[in-house]
Amino acid sequence: MRRRTAALFLLNALLLIAPFITRGQQSPHKGVIDLSGKWLFQVDSLDKGVTQKWFTQTLTDHITLPGSMTTNGKGDDITVNTPWTGSIVDSTWFFDPAFSKYRVPGQVKVPFWLQPDKYYKGAAWYQKTVDIPASWKGQHLELFLERCHWETMVWVDDAYAGMQNSLATAHTYDLSAMLTPGRHRITVRVDNRVKDIDVGPNSHSITDHTQGNWNGMAGKLQLQQTPAVYISDVQLYPDIKAKTVTALITAVNSSGHPATAKVTLQAGTPGSSLPPVTVQEPVEKQAVIKVVYPMGQQPALWDEFHPNVYTMNVRLAANDAAADESKVLFGMREFSSNGTQFTINGRPTFLRGTLECAAYPKTGYPPTDTASWMRILRICRSYGLNHLRFHSWCPPEAAFEAADRMGFYLHIECSSWANQGATIGDGKPLDEYIYDESRRIVKAYGNHPSFCMLLYGNEPAGKGHVKYLTGFVEYWKKKDPRRLYSTGAGWPIISEADFNSTPTPRIQRWGEGLKSIINSQPPRADYDWTSIIEKWQHPTVSHEIGQWCVYPDFNEIKQYDGILKAKNFEIFRDQLEKNGLGKLAGDFLYASGKLQVLCYKADIEAALRTPGFGGFQLLGLYDFPGQGTALVGVLNPFWKDKGYVTAAEYSMFCNNVVPLVRLPKMVYLNNESLNVPVEIAQFSAAALKGVTPSWQISNSKGQVLFKGALQKQDIPLGNAIKLGQINADLSTVKTPSRLTLAVAVAGYKNEWDIFVYPATLPATDPQILTTQQLDQKALDVLQAGGKVLLTLKHGSLKADKGGDIAIGFSSIFWNTAWTHQQPPVTLGILCDPAHPALQQFPTQRFSNWQWWDAMSHSNAIKLDEVKKGLQPIVRVIDDWVTARSLGLLFECKVGSGKLLVSGIDLLTNREKRPEARQLLYSLQQYMHTQAFNPKTSVNVAQITGLYE
């Protein structure tokens, strides 16, 4: 009876684990056992699995890999006790009971970034039973886990195989001595906690702000078999001048017997192959075999215009054993520099990049398939980019392969952002980890031609970080010449670096607010960064330019059908609806989006105008969902556009060839002439031969008012290349106009809006009283049924009425939560262009350059403080967090009179402010007509209570 019970128990156990057994004969590929599929699983929240030897036991739960605990619905619900950083929010704005449903239990704060369905931080165990075929006896056997998060420990049956903790490369374990033919149990313990190696809580390699601090294994999960004498590594060093590739092949002999390795190399493309080269060398235990391989008389070079990729086939045969083979992608290219500019194969290039911050709401971890990365890079290319910076992380192999095939230049970082206590250069374990991680990255991905730049990580900190990073740069410059090296993204700048990454050259930096160029100076397009970069002798890449925000797209919420949910968007949407503005969400998105694009255009063009500049890295082309919700992209985290700018429109000012003008201002009077230098940033594949640049100026109806052609010429590679000058007499522009200046060169076109107003304006109705306060005279006019235009003096609005709202021309920078209310805290204007009050002040629905003066001389009035539901003529779009109803212009009845209130100071220094003159005239003309007939009655005390 006991034997029968034991047999039944064994049978039930086998039936239980049968789905988790992988057999060698199931793999369609010789030498590989695919480990994807069902695994046994168990959470180790008390961290007792090692001491209790769970590797000797059958785990009790199950999971599907590749994947994470969260993609499998495993982990903890989000509560106050869950160690998810999103549950500890840096904002205290939401204390209203209406938001109680969003609160984490026990908390008064709410998530300000994407919230996972489940969350777990700690150890978890994964287990798989495999059958090793007899043919694998005596071979080299390796466990390959492509993307783990984070630390793994591996056991085979009861034996410990080791620990690995790379965030950037595959975890590989040599299991040759453990996996004899027959059945074995492989147990993997994954721990996603930060331990003695702290790469920084905001590093995008681990942060909850973007991909999430997931626990699991993604990508290829395999047992890989090779002969006992095998290829451990292949590194290829192209030399485009010598037309050769130097191959360093690491051969390992694990057979225990002397061997002679016959190594054959042959490079080729899908359509052709070069002659093979064969060498022989003895391999006792390990040998590095050097082969100089000729690439023929005219090797195809690799760059963004010609992404010519070769495959080097390496075959190693030893004695009479089966041969080992390796196929390595590479490109013939030299990414270098000449003075202050980057070069590709000796030709100057300009980096037009964006950050890739590991935001993947569907899965919570990056894709490991080439198709997904090809899609991302195709989108980037359509917006005129040629460069991708991986902020404090390194992507999987598939990203490099896609970039190789697309001709994209990649900037890679070693998984760290030393902040909030995670410092470098002070002897902590992170110091050695960065070197180890960089060596792993270069070994795994160093052959890819797209791998052009390597840095420690982002924005380093620590008392000794300058000395440490100087050593890091010097180490890699000596070790591997295939790419360029610098310290950290952002800083420090050292003479030993191949290039600078600095936040200085951009139109607004952190902390500048209203002191930035775009907010403090009247609009123009003639400045550049020459004075900033001239003190450096090597290329400069402007660090994280842009950071211009747009209003949330609440239609985006439904796209979050993966493991991360946009609870933050739900909160912002409900706040807007609570304030009675829900119907304006789409208008806010569109209008703020147009302003965002205008800001990005100004940022990018300033970089392109700078002679000898190296390039820029946007933050970003797509939204950053964390750090307080930074809606800085014209694309959402799914790389989809939001409906207010197309790739074709964006690439007019962001491309390999961009016509540019140096406009000294954007607002003119019609007694002036337009005299504008024309130049070009030209970084195409070659010089442009025999082109004739042309220009035209048209009005808002599309009618061409002026046009001309510049001298026919050859245009070399480079920027700040002068093409000629546009001259136009504006005296023929009789009415206030928004004009569009367009310049076209060799099929590339760029455009700028300028505004022209009459130099002389007719007299206005003297019966309309214009004043900066409702004094007794103004009150008498209103009581008598007259008309009053109240234009508040800048700074006179009371704090509780809107005087505490810091507005400016630009969009919000990054977001208000993370920057601690850095101004502006608003997103431009929204209006009806057809409103008769604006008939003489041509405008679109959104902010354009003619609104700079108004936004720089105004306060945003809290309309509900005047009267609940008051509808303005011109609205200011508030930050999505507070979503207040704000206005610049509104009208109302006061007693028997009619009042138009302007939060814009239209009187102070108006003789020097053509926009103020014109807007004031437009409002006065409107008030003279029957169309000025306010319906909303407001008590006079509500108006006089607005200002000091």
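Predicted model: local features only at pLDDT ≥ 70, side-chain atom pairs only at ≥ 80, totals over all residues.
**Figure 1. The whole protein, shown as an overview.**
The protein has 15 helices and 50 strands. Its radius of gyration is 32 Å, close to the 30 Å that the globule rule gives for 948 residues, so the protein is as compact as a globular protein of that length. Along the principal axes, the C-alpha trace spans about 110 × 75 × 45 Å. Of the 948 residues, 60% are buried. Counting contacts between residues at least 6 apart in sequence, 73% join residues that are at least 24 apart.

**Figure 2. Ala 461 in its loop, with the residues it touches.**
Ala 461 is placed in the loop that runs between strand β28 (451-458) and helix α5 (465-479). Leaving out residues up to four places away in sequence, Ala 461 touches Ala 418, Thr 423 and Ile 424. Gly 425 is 36 residues from Ala 461 in sequence, and the C-alpha atoms of the two are 8.4 Å apart in space.

**Figure 3. An open sheet of three strands.**
The strands follow the order β34-β36-β41, and their pairing is antiparallel. At the edges are β34 (657-661) and β41 (718-729), each of which pairs on one side only. On average, neighbouring strands in this sheet are turned by 20° against each other, direction ignored. Strands of a sheet pair through backbone hydrogen bonds, and the pairing can be parallel or antiparallel. Between β36 (residues 673-682) and β41, the antiparallel pairing covers nine bridges. Ser 673 has Asp 729 of β41 as its bridge partner.

The structure contains 44 aromatic pairs. One of them joins Trp 155 and Tyr 160, with 5.4 Å from centre to centre and 50° between the planes, a tilted arrangement. Trp 155 is buried, because its relative accessible area is 4%, under the limit of 20%. Tyr 160 counts as partly exposed, at 43% relative accessibility. The pair of Tyr 551 and Phe 554 is edge-to-face, with centres 6.1 Å apart and 80° between the planes. Tyr 551 counts as buried, at 1% relative accessibility. Phe 554 also counts as buried, with a value of 13%. The distance of the centres and the angle of the planes together describe a pair of aromatic rings.

**Figure 4. An aromatic cluster of six named residues.**
Which residues make up this cluster? Tyr 435, Tyr 468, Phe 472, Tyr 475, Trp 476 and Tyr 485 form one aromatic cluster.

**Figure 5. Two arginines placed over aromatic rings.**
Arg 482 lies over the face of Tyr 237, and its distance from the ring centre is 4.2 Å. For Arg 483, the ring is that of Phe 451: the charged end of Arg 483 sits over this ring, 4.1 Å from the centre.

Definitions and conventions. Residues numbered from 1 in each chain as written. Heavy atoms only, no water. Helix = DSSP H or I, 4+ residues; strand = E, 2+ residues; numbered from the N terminus. Contact = heavy atoms within 4.5 Å. Pairing = 2+ DSSP bridges. Axes fitted to C-alpha atoms, helices over the stretch in contact; angles between N-to-C directions. Phe/Tyr/Trp six-rings, centres within 6.5 Å; stacked < 30°, edge-to-face > 60°. Buried < 20%, exposed > 50% of the residue type's maximum accessible area, 1.4 Å probe, protein only. Lys NZ or Arg CZ within 6 Å of the ring centre and 35° of its normal. Rg over C-alpha atoms; globule rule 2.2 N^0.38 Å.
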